Amino acid sequence: MEAINNYPNFKKSSPSDSANYRPITITCTCCKVLETIIASDLVQFLQDHNLISKHQHVFLKKHSTTTNLLESVNDWTLSLSTNKSVVIAYIDFKRAFDSVPHSKLIHKLASYGIHGNLLFWISSFFSDRLQNVRVGASLSSPCQVTSGVPQGSVIGPLLFNLFINDITDNLDSSTTSKIFADDIKIYTEISCNNQSTNLQNHLDLIHQWSTTWQLPISHSKCNLLYLGQQKANLSFSISNTLLPELSSVVDLGVTIDPDLKFSDHISSIVTRAKQRAALVHRCFISRNISNLVMAFKIYVRPLVEYAPQIWSPHHISLINLVEGVQRSFTKRLPGFKHFSYAERLSHLQLQSLEQRRLVSDLTMCFNIVHGFSSLSFDDFFKFSSCSITRGHPLKLAPPLCKTNLRKFFFSSRVIQVWNSLPVKIVMSTSTFQFKKLLSVHDYSVFLTLPCFIPRISSV
């Protein structure tokens with residue numbers, strides 16, 4: 001019998017409530033090495049036999065929150081551009097990682113063809129374990145672990161993926177589902193002439209699954225969001241609990257509004273970023289320029305650069321609003337007050353935030369075209385059939401966009417810039433090489449703000 005230490009990691013809300021902490025398991029190095037080897041081979045086996053759900057976007061290579069959101073927003077913008085509305089149901093589970101029944105997890109692993117010593121090792125990994133909680137130097141009394149996969153372990157997330165892997169198997173094609181760990185969203189179109197939907201039936205199937213596999217749904221975290229102008233006079237529930245309809249939802253860190261304009265999301269991240277930028281200026285005793293700029297890159301810039309492929313603005317007012325985070329920060333640096341923004345970027349060798357968003361778009365496009373992403377090329381792009389040989393051979397065909405919603409969506413706005421790139425950049429053999437070559441390429445004609453391009457000799 002082995003005792004493991006758990007470290008309580010605060011999530012949100014009140015720190016005095018023990019339910020607001022996530023137990024992170026601290027395991028030894030040897031155990032982590034063994035878990036890594038087993039997890040790597042296990043993933044390879046599952047992928048070779050196509051056993052992992054295509055709807056899952058977490059703890060897997062080539063998958064991320066961005067791929068989850070891009071697939072979803074691509075579907076939603078297509079629906080809205082054809083005058084159809086969309087209803088989305090967001091479903092969350094109650095302490096999902098800690099609630100997984102060990103016996104049922106082992107049963108599912110066996111059903112995926114995992115047998116022999118490997119299944120015995122995984123079973124032993126969960127059997128007869130004790131845990132205690134460490135807070136500072138204090139350690140609680142040990143208690144028996146009867147359920148859950150260890151958070152903080154290497155193989156734990158993969159095992160949770162396999163446990164929840166079949167939750168959407170019984171849903172038909174009338175709805176679409178996306179999974180990110182224990183966060184599930186299912187959505188369907190609402191057309192002008194047909195207000196009925198199978199969404200309620202699918203919600204009932206998910207509730208039935210959760211009851212069968214003893215993974216309770218957290219009803220307080222479940223809700224509905226309608227996209228578009230049309231709205232069905234329908235109500236949806238899970239286990240007789242009516243799902244509340246919200247005006248906006250934070251979906252994997254991005255605020256989704258009914259019109260998919262993302263103005264609320266941009267306002268939120270700009271406010272947070274400016275507050276943190278002010279803290280950097282106020283809390284750093286050193287006035288060293290390099291230190292302050294490095295702190296900005298580490299603590300501030302990630303707030304306005306998370307999943308930009310989803311929400312990147314095209315209105316000048318919103319572009320300037322986001323750029324104001326870096327513009328105001330650099331202006332407060334010692335000795336830079338009287339420089340123009342373009343001069344500050346040049347002196348500090350910083351790219352504008354608009355420029356960095358364009359690089360993110362192009363990098364995602366490169367990964368999709370070359371198969372370095374889980375996103376399907378056919379869902380986002382088509383190769384151009386134009387017979388003109390000038391340029392590179394991977395030119396994309398501009399889609400017909402009847403609305404600004406599609407015109408300025410990732411799969412449309414990136415095409416003109418992508419098609420203008422030199423062959424050497426587009427035919428890069430890796431994402432790293434692509435970004436390196438792109439960093440010295442001049443694409444300022446596609447930007448509204450100053451563009452910093454380093455000298456080629458500096459690369």
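Two strands count as paired if DSSP finds at least two bridges between them. I keep that rule at hand for the first entry. The model I am reading is predicted.

**Entry 1: strands β7 and β8**

I looked up the partners of β7. I found 5 bridges joining β7 to strand β8 (residues 183-190), and the two run antiparallel. I then picked out K178, whose bridge partner in β8 is K185. Next I checked burial in β7 (residues 176-180). There 4 of the 5 residues are buried, so the strand is largely enclosed by the rest of the structure.

**Entry 2: aromatic pairs**

I searched the whole structure for aromatic pairs and got 18. I opened W76 with Y187. Their ring centres are 5.4 Å apart and their planes stand at 75°; over 60 counts as edge-to-face, so this pair is edge-to-face. W76 belongs to helix α2 (residues 65-81) and Y187 to strand β8, so the pair ties together parts 111 residues apart in sequence. Both W76 and Y187 are buried.

I went on to F163 and W213. Here the centres are 6.1 Å apart and the planes are at 85°, so this pair is edge-to-face as well. F163 sits in helix α6 (residues 156-164), and W213 in the loop between α7 (199-212) and β9 (223-227), so the contact ties together parts 50 residues apart in sequence. F163 and W213 are both buried.

I also followed a chain of ring pairs. These pairs link F377, F380, F381, F383 and F410 into a cluster.

**Entry 3: charges over rings**

I looked for charged ends above rings. K108 lies over the face of F163, 4.8 Å from the ring centre. For Y341 I found R327, with its charged end over the ring at 4.8 Å from the centre.

**Entry 4: helix α5**

Which residues of helix α5 (residues 116-126) are buried? I listed L119, I122, F125 and F126. They cover an arc of only 115° around the axis, which puts them on the same side of α5. An α-helix has 3.6 residues a turn, so residues three or four places apart point the same way.

I turned to the face of α5 away from its buried side. It carries the exposed residues G116, N117 and F120. Then I traced what the buried residues of α5 pack against: α1 (29-48), α4 (102-111), β4 (129-135) and α6. Last, I checked what follows the helix. D128 comes after α5, and its phi is positive, near 50°.

Methods
Residues numbered from 1 in each chain as written. Predicted model: local features only at pLDDT ≥ 70, side-chain atom pairs only at ≥ 80, totals over all residues. Heavy atoms only, no water. Buried < 20%, exposed > 50% of the residue type's maximum accessible area, 1.4 Å probe, protein only. Phe/Tyr/Trp six-rings, centres within 6.5 Å; stacked < 30°, edge-to-face > 60°. Lys NZ or Arg CZ within 6 Å of the ring centre and 35° of its normal. Arc of directions from axis to C-beta. Contact = heavy atoms within 4.5 Å.
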